[in-house]
Amino acid sequence: MLRKVVLIIDKRKEQSIKYKKILENNDITVFLASDFARALDIMNRFDPDLILISDSMDFDTKKAIEQIRVLTYNTRPAVIALSKSNHIQDKIDVLDAGADDFLSEPINNDEFKARITAHIRRNLENSLSERTMLFDSKISYKMIKRTVNSTSQWAIMLIDIDNLQYYKNIYGELAADKLLQTYSAIIKSAVENNDYVGQLSNEDFIVITDNEKAEKIANYLVYAFDTVISKFYNKSDMERGFVFMHGDDAAEDKVSLVTTSIGVITNQYKKYTDMKQVISSLISTHKLAQYNNSSNYVIERPKITADNAVETREKNNNI
């Protein structure tokens with residue numbers, strides 16, 4: 001499940017709490033910031049899907065929106081200005097600065113919620129892959145970042161189909177797309193509602209779950225993938241266990257059948273502090289899974305080491 005994040009920048013305590021109560025539910029988390037420094041910290045840590053900014057702040061709303069657009073150009077959240085003004089020029093100014101909408105206060109609670117929900121939905125729909133209908137890398141990286149900054153126990157899984165490009169060259173792009181769509185459906189069936197499934201590239205999947213479920217999911221995916229893969233090869237290729245590449249440059253080259261490789265990292269034994277560290281460990285663990293010629297998964301385990309196991313006391317220096 002993709003839990004959305006909304007940031008409200010408003011120095012009016014009662015009004016911002018009111019908006020938070022209207023919006024916050026099982027699918028939406030709302031953060032409040034009464035100053036721009038606090039707002040920047042939340043933007044950096046959680047990459048909000050939508051930012052509400054009130055002109056009640058002590059800074060120029062137009063310049064603040066321009067700055068937000070510069071700082072969030074990668075994630076591109078929806079930005080909505082709140083104002084008691086109803087003047088056309090005020091609306092034009094903030095829209096020209098990069099705002100997606102302008103809401104004049106007071107606004108009906110139901111209309112307010114519907115407008116915010118519509119903006120979030122529209123932003124997320126633009127991030128869906130046409131082939132798999134999963135969220136793309138922009139949303140997946142955002143979810144990884146939020147996960148790293150959370151206090152919960154988590155596991156992140158990088159899932160890949162090995163030799164897919166060779167399969168595409170032999171059986172065609174339509175067959176490769178069908179294979180991707182089938183595997184994405186298998187992955188979605190293996191997770192629960194509170195888990196996240198997305199893509200890091202056109203051919204890589206990402207799953208964010210809790211560390212207790214990760215190995216069960218990985219084990220099931222390996223079994224399910226190997227079970228259905230026979231449907232994507234002709235009988236002779238399956239019996240041989242490999243296929244021949246044809247062409248001037250690769251005549252009669254043998255290519256292994258597609259397999260799945262899964263790398264899993266968790267924060268159960270190792271504390272991660274930033275997203276770069278997570279991505280590096282995830283890629284390294286996934287590469288270990290690819291060393292096996294068959295479908296396989298590798299889970300990052302704690303290292304046994306003697307580093308720092310002996311305490312050197314000052315009195316020992318006198319011996």
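User: Which residues in helix 6 meet helix 11?
Analyst: In this predicted model, Tyr141, Ile144, Lys145 and Val148 are the residues of helix 6 that meet helix 11, where their counterparts are Met275, Val278 and Ile279. Sorted by class, the contact of helix 6 with helix 11 has six nonpolar residues, one charged residue and no polar ones.

User: And at what angle do the axes of helix 6 and helix 11 cross?
Analyst: The axes of helix 6 (residues 137-148) and helix 11 (residues 275-290) cross at roughly 110° and come within 9 Å. Angles from 65 to 115 degrees count as roughly perpendicular, and helix 6 and helix 11 are therefore described as roughly perpendicular to each other.

User: Which strands does helix 11 lie across?
Analyst: Helix 11 lies across strand 6, strand 8 (204-209), strand 11 and strand 12, and its direction is at about 140° to that of strand 11.

User: What is the strand order in the open sheet with mixed pairing?
Analyst: That open sheet has five strands in the order 7-8-6-11-12. Its edge strands are strand 7 (196-199) and strand 12 (296-299), each of which pairs on one side only, and the twist from one strand to the next averages 15°.

User: Let's look at strand 6 then, are its residues buried or exposed?
Analyst: Strand 6 is mostly covered, with eight of its eight residues buried.

User: How many bridges does strand 6 make with strand 11?
Analyst: Strand 6 (residues 155-162) pairs with strand 11 (residues 259-266) over eight bridges in the antiparallel sense. Among the facing residues, Ala155 stands opposite Thr266 in strand 11, while Asp162 has Thr259 as its bridge partner there.

User: And how many bridges join strand 6 to strand 8?
Analyst: Six bridges join strand 6 to strand 8, and these two strands also run antiparallel. One of the pairings places Met157 with Val207, its bridge partner in strand 8.

User: Changing topic, what is the strand order in the sheet with parallel pairing?
Analyst: That is an open sheet of five strands, in the order 2-1-3-4-5. Strand 2 (28-33) and strand 5 stand at its edges with a single partner strand each, so one side of each has no neighbour in the sheet. Direction ignored, neighbouring strands of this sheet are turned by 20° against each other on average.

User: Where does helix 4 pack on that sheet?
Analyst: Helix 4 touches strand 4 and strand 5 as it packs on the sheet, and its direction makes about 145° with that of strand 5. Together, strand 4, helix 4 (residues 88-97) and strand 5 make a β-α-β unit that is right-handed.

User: How many bridges join strand 4 to strand 5?
Analyst: Strand 4 (residues 78-83) and strand 5 (residues 101-104) run parallel and are joined by four bridges. In strand 5, Phe102 is the bridge partner of Ala81, and Ser104 is the bridge partner of Ser83.

User: Last one, is Asp110 buried or exposed?
Analyst: Asp110 is found in helix 5 (residues 109-125), and it counts as exposed because its relative accessible area is 63%, where exposed means over 50%. Although Asp110 and Ile22 are 88 residues apart in sequence, their C-alpha atoms are 8.5 Å apart in space.

Conventions:
Residues are numbered from 1 along each chain as its sequence is written. This is a predicted model: local features need pLDDT of at least 70, side-chain atom pairs count only at pLDDT 80 or more; totals for chains, interfaces and linings use all residues. Side-chain values use heavy atoms; hydrogens and water are left out. Buried means under 20% relative accessible area, exposed over 50%, partly exposed in between (1.4 Å probe, protein chains only). Axes are lines fitted to C-alpha atoms, for helices over the stretch in contact, and angles run from 0 to 180 degrees between N-to-C directions. Angles under 35 degrees count as roughly parallel, over 145 as roughly antiparallel, 65 to 115 as roughly perpendicular and the rest as oblique. Contact means heavy atoms within 4.5 Å. Ala, Val, Leu, Ile, Met, Phe, Trp, Tyr, Cys and Pro count as nonpolar, Asp, Glu, Lys and Arg as charged, and the others, Gly among them, as polar. Two strands pair if DSSP finds at least two bridges between them. A crossover is right-handed if, with the strands pointing away from the viewer, the path from the first strand over the helix to the second runs clockwise.
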